[in-house]
Amino acid sequence: MTFSLVARCAETGMFGIAISSSSPAVAARCAHARAQVGAVASQNVTDPRLGPQTLDAMAQGHSAGDAVRAVIDGAQHIAYRQLLAIDARGQTAIHSGAEVLGTWNAAQGTDVAAGGNLLDNDAVPAAIVAGFEAARGHLGDRLIVALRAGLAAGGEAGPVHSAGLMLVDRVSWPVADLRCDWTESCPIEAVATAWDVYKPQLDDYVRRALDPGAAPSYGVPGDA
């Protein structure tokens, strides 16, 4: 009921995750990222605890592979879970349990890993990876391109209704956390539209947090 990717920008060290699902508010449960540490997707009969646990292990110096192995060794009901991780060196790891739903698969590439369940076909994750690797520009742009590629390759077996995009970079909070929690139209395009609006302001929002006096005007009525 979900397809996603976790990725790293080799030039900036930024991490990101993009995800879509037929379920509501998928990003609220499944998307996890931490600046200078990595990104994790915890999906399929989701246990949201697995994301922070994997990030904690990578923050302690474990590779993505070692972190995922440690988490799945200690977790209950792990046969129902699908877990994707990328670490600070761009290494990736994937766990897909024996009880993952429907047609499922995963794929890995340079600075990217993708996976999904209840897919239209098992080539969807590879299409996501190929889309990411072929794209250029900001990490957020590349994530959108990759998610669109997954949808174009078949996506989920049924229609998707929610999507999300999360980016982390240098500060302790996500520099972008954009979601469409439910729509009858395309949630990926809803998030893409939000990203087009947010991208030019991303650095300004960080600056406003760190040094409001040096930040540009807010551009709203009443702002001097």
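The notes below treat a helix, a loop residue and a pocket in turn.

This is a predicted model, in which local features need pLDDT of at least 70, side-chain atom pairs count only at pLDDT 80 or more, and totals for chains, interfaces and linings use all residues. Residues are numbered from 1 along each chain as its sequence is written, and side-chain values use heavy atoms, with hydrogens and water left out.

**Helix α4**
- Helices (H or I, at least four residues) and strands (E, at least two) are DSSP runs, numbered from the N terminus.
- Val 124, Pro 125, Ile 128, Val 129, Gly 131 and Phe 132 of α4 (residues 124-134) are buried, meaning under 20% relative accessible area with a 1.4 Å probe and protein chains only.
- These buried residues line one face of α4, because they fall within an arc of 160° seen down its axis; the arc is that of the directions from the helix axis to the C-beta atoms.
- An α-helix has 3.6 residues a turn, so residues three or four places apart point the same way.

**Thr 183**
- Thr 183 lies in the loop between β10 (174-180) and α6 (187-198).
- With a relative accessible area of 15%, Thr 183 is buried.
- Leaving aside residues up to four places away in sequence, Thr 183 touches Val 160 and His 161 (contact means heavy atoms within 4.5 Å).

**Lining of the largest pocket**
- Eight nonpolar, four polar and nine charged residues make up the lining of the largest pocket. Here Ala, Val, Leu, Ile, Met, Phe, Trp, Tyr, Cys and Pro count as nonpolar, Asp, Glu, Lys and Arg as charged, and the others, Gly among them, as polar.

Note on methods:
Buried < 20%, exposed > 50% of the residue type's maximum accessible area, 1.4 Å probe, protein only.
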